[in-house]
Amino acid sequence: MPHHQTALRLVAPVAVLALSLTACGGGGDNAEAKSPATEKAKVFPSPEPTSGGEMDSGESATGKVDEDPGKVTYEILAQKVDVGTEAEAAKAVSEPDKVKGKVLVTAYLKYTHKSGPALTDGSDVHDSTTVSADGQRGSVLIGAAEDAPGCEDPYDVDSWKQGESHVFCETYVIPANAKSVEVNWSEEDGEPFVWKFPSA
């Protein structure tokens, strides 16, 4: 996703800045301990990634999304994945030859509105979800049915208040021989949270 590239560009200058702050300081340890750069670093520590990492099964992540009325904090949980067959993948697309040796996988994610303004015109929380297989991002299936059992269409949710939850699904095409499926969700410019599931 484009925002991952942006995140990588942002991380590099921070790392360089942190190294240059450590390197400068003049004389011995005492001078460094009292230098303005060291004092500033104590008061304003270098930014750390605020999100991301591998998640355990059933473990929720917390992230913020800039929604239309304001910033909303969500609790996100990848509940499960449904892995289909090669025959199902061939039926689901207009050009079956393009999905030879591939299967469909549908990821179910539960999003709970924890804090922030109520939403009255949809949400962007699901836009940062992707599905990978063995570490390689799958291909999103455009036009996949969002109304599979247990899934809601995010564009039908026009009222969302604090404490309420919705389950949105993402369908991707992955290699049929993949050993694991990873569901990724990230804040804008943040590192992804990753839930791993067996593919069979």
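Trainee: Hi! Is Cys-151 buried or exposed?
Mentor: Cys-151 counts as buried, at 11% relative accessibility. Buried means under 20% relative accessible area, exposed means over 50%, and partly exposed is in between, with a 1.4 Å probe and protein chains only. Before we go on: this is a predicted model, where local features need pLDDT of at least 70, side-chain atom pairs count only at pLDDT 80 or more, and totals for chains, interfaces and linings use all residues. Residues are numbered from 1 along each chain as its sequence is written, and side-chain values use heavy atoms, with hydrogens and water left out.

Trainee: Thanks! How many disulfides does a search of the whole structure find?
Mentor: The search finds one, taking a disulfide as a pair of cysteine sulfur atoms within 2.5 Å. Cys-151 and Cys-169 form it, with their sulfur atoms 1.9 Å apart.

Trainee: And which parts does the pair tie together?
Mentor: Cys-151 is in the loop between strand 7 (139-140) and strand 8, while Cys-169 is in strand 8, so the pair joins parts that are 18 residues apart in sequence. Helices (H or I, at least four residues) and strands (E, at least two) are DSSP runs, numbered from the N terminus. Cys-169 is buried, with a relative accessible area of 3%.

Trainee: Why is the disulfide left-handed?
Mentor: Because the torsion about the S-S bond of Cys-151 and Cys-169 is about -85°.

Trainee: New topic, rings. How many aromatic pairs are there?
Mentor: The count is five. Rings of Phe, Tyr and Trp (its six-membered ring) pair if their centres lie within 6.5 Å; planes under 30 degrees apart are stacked, over 60 edge-to-face, and the rest tilted. One of the pairs is Tyr-111 with Phe-168, which is tilted, at 5.5 Å centre to centre and 40° between the planes.

Trainee: Where do Tyr-111 and Phe-168 lie?
Mentor: Tyr-111 lies in strand 4 (residues 102-115) and Phe-168 in strand 8 (residues 165-175), so this pair ties together parts 57 residues apart in sequence. Both Tyr-111 and Phe-168 are buried. Phe-193 and Trp-195 also form a tilted pair, 6.5 Å centre to centre with 40° between the planes. Phe-193 is buried at 7% relative accessibility, and Trp-195 is buried at 1%.

Trainee: Which residues form the aromatic cluster?
Mentor: Tyr-74, Tyr-111, Trp-160 and Phe-168 form one cluster.

Trainee: What does Glu-75 touch?
Mentor: Leaving out residues up to four places away in sequence, Glu-75 touches Ser-60, Ala-61, Lys-110, Tyr-111, Thr-112 and Lys-114. Contact here means heavy atoms within 4.5 Å. Glu-75 is found in strand 3 (residues 71-83) and is partly exposed, with a relative accessible area of 27%.

Trainee: How far is the C-alpha of Glu-75 from that of Gly-163?
Mentor: Those C-alpha atoms are separated by 10.0 Å, and the two residues are 88 residues apart along the chain.

Trainee: Now backbone angles. What is phi of Asp-134 near?
Mentor: Phi of Asp-134 is near 50°, a positive value in a residue other than glycine. Most residues other than glycine have a negative phi. Asp-134 is in the loop between strand 5 (129-133) and strand 6 (136-137), and it is partly exposed at 41% relative accessibility.

Trainee: What about phi of Asp-189, positive or negative?
Mentor: Positive, about 60°, although Asp-189 is not a glycine. Asp-189 is in the loop between strand 9 (180-185) and strand 10 (193-198).
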